[in-house]
Amino acid sequence: MVKKRKRLTAKETRYLMLELISGVEYMHSNRVIHRDLKLGNVFLNSTMDIKIGDFGLAAKLEFSD
């Protein structure tokens, strides 16, 4: 759908940004930092679901008390 149109509507963009922020929030709540978040590492399927990939540079934060 998006490939045919080559662009997103403002409503779709808002939805996708909220989903992306939610994904980053989830990673951070689990103490994971992606460190290479860019458009090439964000995947969109036909039902407009976002997947964040390429965790090769990701770091898990560990704190000792």
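Helices (H or I, at least four residues) and strands (E, at least two) are DSSP runs, numbered from the N terminus. The structure shown here is a predicted model, in which local features need pLDDT of at least 70 and side-chain atom pairs count only at pLDDT 80 or more, while totals for chains, interfaces and linings use all residues. Residues are numbered from 1 along each chain as its sequence is written, and side-chain values use heavy atoms, with hydrogens and water left out.

We begin with the interior. A nonpolar core is a set of buried Ala, Val, Leu, Ile, Met, Phe, Trp, Tyr and Cys residues joined through side-chain atoms within 4.5 Å. Buried means under 20% relative accessible area, exposed means over 50%, and partly exposed lies in between (1.4 Å probe, protein chains only). The largest nonpolar core in this model has eight residues: Leu-16, Leu-20, Val-24, Met-27, Val-32, Met-48, Ile-50 and Ile-52. Two or more of these residues come from each of the elements α2 and β3 (50-52). Helix α2 gives the largest share, four residues. In soluble globular proteins, nonpolar side chains tend to be buried together.

Leu-20 is one member of this core, and its place is in helix α2, which covers residues 10-29. Leu-20 counts as buried because its relative accessible area is 18%. Contact means heavy atoms within 4.5 Å. With residues up to four places away in sequence set aside, Leu-20 touches Val-42, Ile-50 and Ile-52. Leu-20 and Val-42 are 22 residues apart along the chain, and their C-alpha atoms are separated by 8.4 Å. Leu-16 is another member of the core. Leaving aside neighbours within four places in sequence, Leu-16 is in contact with Leu-8, Leu-44, Met-48 and Ile-50.

Next comes the loop between β1 (32-33) and β2 (42-44), where Arg-35 is found. His-34 is also found in the loop between β1 and β2. Is His-34 buried or exposed? His-34 is buried, because its relative accessible area is 4%. Not counting residues up to four places away in sequence, His-34 touches Met-27, Asn-41, Ile-52, Gly-53, Asp-54, Phe-55, Leu-57 and Ala-58. A polar contact is a pair of N or O atoms within 3.5 Å; within protein, one must be able to donate a hydrogen and the other to accept it, and residues adjacent in sequence count only if both atoms are side-chain atoms. A polar atom of the His-34 side chain lies 3.2 Å from the backbone nitrogen of Leu-37.

Arg-35 is exposed, with a relative accessible area of 58%. Its phi is near 70°, a positive value in a residue other than glycine. Phi of Lys-6 is likewise positive, near 70°, and Lys-6 is not a glycine. Lys-6 is found in the loop between α1 (2-5) and α2, and its relative accessible area of 71% makes it exposed.

Charged side chains come next. Side chains of opposite charge can pair when their charged atoms come close. A salt bridge is a side-chain nitrogen of Lys or Arg within 4 Å of a carboxyl oxygen of Asp or Glu. How many salt bridges does the structure hold? The structure holds two. Glu-12 forms a salt bridge with Arg-5, and the closest N and O atoms are 2.9 Å apart. Glu-12 is buried, at a relative accessible area of 15%, whereas Arg-5 counts as partly exposed, at 34%. Another salt bridge joins the side chains of Lys-38 and Asp-36 (3.9 Å, N to O). Lys-38 has its place in the loop between β1 and β2 and is partly exposed, because its relative accessible area is 47%. The C-alpha atoms of Lys-38 and Ala-10, 28 residues apart along the chain, are separated by 20 Å.

The last topic is the surface. Patches are made of residues with over 30% relative accessible area and no salt bridge; like charges are joined within 9 Å, and nonpolar side chains (Val, Leu, Ile, Met, Phe, Trp, Tyr) within 5 Å. Accessible areas come from the Shrake-Rupley method with a 1.4 Å probe, and for residues only the protein chains shown count as cover. Ile-33, Leu-61 and Phe-63 make a nonpolar surface patch of about 280 Å². Phe-63 is found in the segment after β4 (59-60) and counts as exposed, at 62% relative accessibility. Leu-61 also lies in the segment after β4, but is partly exposed, with a relative accessible area of 33%. Leu-61 touches Arg-31 and Ile-33, residues up to four places away in sequence not being counted. Leu-61 and Arg-31 are 30 residues apart in sequence and 5.3 Å apart in space, C-alpha to C-alpha.
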